[in-house]
Amino acid sequence: MAAILRFRKLCFIEPTLKNCGSSETPKDEKQEESQTITKQECDKNKKENKKMQQKGRGWKCIDSCCWFIGCMCTTWWLLLFLYHCLPAHLSGFKSPESPGVRLKNQGLTPLHPVVLIPGIVTGGLELWEGRPCSHGLFRKRLWGGSFAQILQRPLCWLEHLSLDNETGLDPPGIRVRPVPGLVAADYFAPGYFVWAVLIENLAKIGYEGKNMYMAAYDWRLSFQNTEVRDQALSRLKINIELMYVTNGNKKVVVVPHSMGVIYFLHFLKWVEAPPPMGGGGGPGWCDKHIKAIMNIGPAFLGVPKAVSGMLSAEGKDVAFFRAMAPGVLDSEILGLQTLEHMMRVGRTWDSVISLLPKGGDTIWGDLDSSPEDIQTVSSYQRQNNTKHQIEMKQETTKYGRIISFGKTASEQHSSNLTTHDLVKDELLDSGGNCGEVWTEYGKISRENIMKLADNKAYTAGTLIDLLRFVAPKTMKRAEAHFSHGIASDLDDPKYSHYKYWSNPLETKLPHAPDMEIYCLYGVGLPTERSYVYKVSQSDKCNTIPFQIDSSAEGKWLRGGVYFVDGDESVPVLSAGFMCAKGWRGKTRFNPSGSRTHIREYRHKAPGSLLEGRGLESGAHVDIMGNVALIEDVLRVAAGASGEEIGGDRIYSDILKMAERVNIKL
């Protein structure tokens, strides 16, 4: 290669330079005159070429965008570098002592083995078998890490993250599997921690691989299918038993996060159920092996944002971006079909259905009232004067209307709303060529779409019917694995089926009177609760016909989204109800009376860039770096009980909300 480069230099570059600017001494006057003319011509050509290059390289809009993005990335990485490389005791920037170091100095040592269970999207996925377009990606991360494949081959990347529309398992010729070990979910992307801070603090008091385990699983699959395909539940059972035996028969402390909370709830029933549906551990397995379940950011009763994701592949952030830069997402302008691609892939992930609101109108409210009505007033009383309080008490926000088509439909009395007339046989086959981007909206006529949105509002009870109408194939497949109701009789044999095991309102906790259950979550952040929608203008085949109306504004309404108290992702009602009422004491959902504790963490924004994402953050993922939460986990892992770490710590109105829920206990 070096010889070739030298040959190129000698044959092409140097002769050109000599022709245009040779420094050789002329032999006579004619040669000198000829060389002078040649130099003048070369200088003239150089100037013309330079002008042409400058003209061709004129500063364009895309150059400005790239320059801006480059500056932002450079600044971010520079700040990250400085944060990690500055001396810990730099004058004026003294780094706070980590809870692990502080508790170690107090004599805290490991006692109970710890199992970590990640939630949806935070666990890494790697490629084991793929289509020709994935050449060179064997065992490379498709999800988590740098996400470089999104830019290099986006359609190939989406194809390999999709599951089969019929089975909910791998498509033919594709195998994507969860990354094993603690690295599966320590960082979501470079510099963006998930479990890394908690793992580090556990290590500081003495934890390591023999008494700490990350139960990675494919978060796209339904919970039972993680066992069918990967034997993930069996692996979790074996590892808990192994750590129990190898650590002096000490019970395990389980720390699930987000959707991992209901995944582990499913495991509690699976592990004691007889085979082939269950793990065959038998009654008493949980009481023998589990000391405590410390649920972080629990989505026990679902999240409303899962509904907007199913309906239009958007939430508040996407709706805001769509309003600011519609050309990037709307297919009518650039033809990118970004949201359609997101919907196509997301509707193959059965796990998303597990996050739909559970409990219907009883939990989430009807057309005219909801448990958060009282929360709205009390939470704002702390921020406003008395005069403004009176004005707000006179207006009730109808949070029970999770989906409203139009701001008027979200506010007017229920008697003025159009009644629902969802008729499944109204579905029509468009018959046209819908292209490669498949969405189930291509099967619904424009007339029926308008009927769905004609002055209508949908509650937690009726929106399931709405989703069955607009996504019949997805819901039929996923509802074989999940249920969203409330059991009238938990002793009914039908509730022994695995589709009910992840719903805390349709299953019993295991007989484990000594097992403790914690609900650990952030409060003080606006959290999506319900949405105002409109019908989009495009009627192209398979285009998403609905979108959040970002122009809708009001006292409690911003950008088409109604907010309540929570951690930005999970409302307080979903995170805290089971610990506040559903499982508190001996109830039909908790027959052995396992103790429950609520530990809320009031959000406090970081004081400076050097504080990173906040040592007192209550946000859904950032809370994993919250000093108070880490200390609670470490103390329980070291043997403390709920009472010894302070019992309940409540800042929100969860107890008042729970009182307003009329449910048989």
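Leaving aside neighbours within four places in sequence, Phe264 is in contact with Ile117, Leu236, Ile240, Val254, Pro256, Ile290 and Ile293. The model is predicted. Phe264 is also, with Val470 and Phe546, one of the residues touching the most other members of the largest nonpolar core, which has 119 residues.

**Nonpolar cores**

- Another core lies apart from it and holds 38 residues, including Val114, Val179, Ile205 and Val636.

**Packing of H9 against H10**

- The axes of H9 (residues 232-246) and H10 come within 11 Å and cross at roughly 75°.
- H9 is therefore roughly perpendicular to H10, since angles of 65 to 115 degrees are counted that way.
- On the H9 side, the contact is made by Ala232, Leu233, Ser234, Leu236, Lys237 and Ile240.
- On the H10 side, Tyr263, Phe264, His266, Phe267, Trp270 and Val271 take part.
- Nine of the residues in this contact of H9 with H10 are nonpolar, two are polar and one is charged.

- Asp622 sits in the loop between strand E17 (595-602) and helix H25 (627-637).
- With a relative accessible area of 16%, Asp622 counts as buried because the cut-off is under 20%.
- Not counting residues up to four places away in sequence, Asp622 touches Tyr192, Phe193, Arg613 and Ser617.
- With Arg613, Asp622 makes a polar contact, side chain to side chain, at 2.7 Å.

Key
Residues are numbered from 1 along each chain as its sequence is written. This is a predicted model: local features need pLDDT of at least 70, side-chain atom pairs count only at pLDDT 80 or more; totals for chains, interfaces and linings use all residues. Side-chain values use heavy atoms; hydrogens and water are left out. A nonpolar core is a set of buried Ala, Val, Leu, Ile, Met, Phe, Trp, Tyr and Cys residues joined through side-chain atoms within 4.5 Å. Buried means under 20% relative accessible area, exposed over 50%, partly exposed in between (1.4 Å probe, protein chains only). Contact means heavy atoms within 4.5 Å. Helices (H or I, at least four residues) and strands (E, at least two) are DSSP runs, numbered from the N terminus. A polar contact is a pair of N or O atoms within 3.5 Å; within protein, one must be able to donate a hydrogen and the other to accept it, and residues adjacent in sequence count only if both atoms are side-chain atoms. Axes are lines fitted to C-alpha atoms, for helices over the stretch in contact, and angles run from 0 to 180 degrees between N-to-C directions. Angles under 35 degrees count as roughly parallel, over 145 as roughly antiparallel, 65 to 115 as roughly perpendicular and the rest as oblique. Ala, Val, Leu, Ile, Met, Phe, Trp, Tyr, Cys and Pro count as nonpolar, Asp, Glu, Lys and Arg as charged, and the others, Gly among them, as polar.
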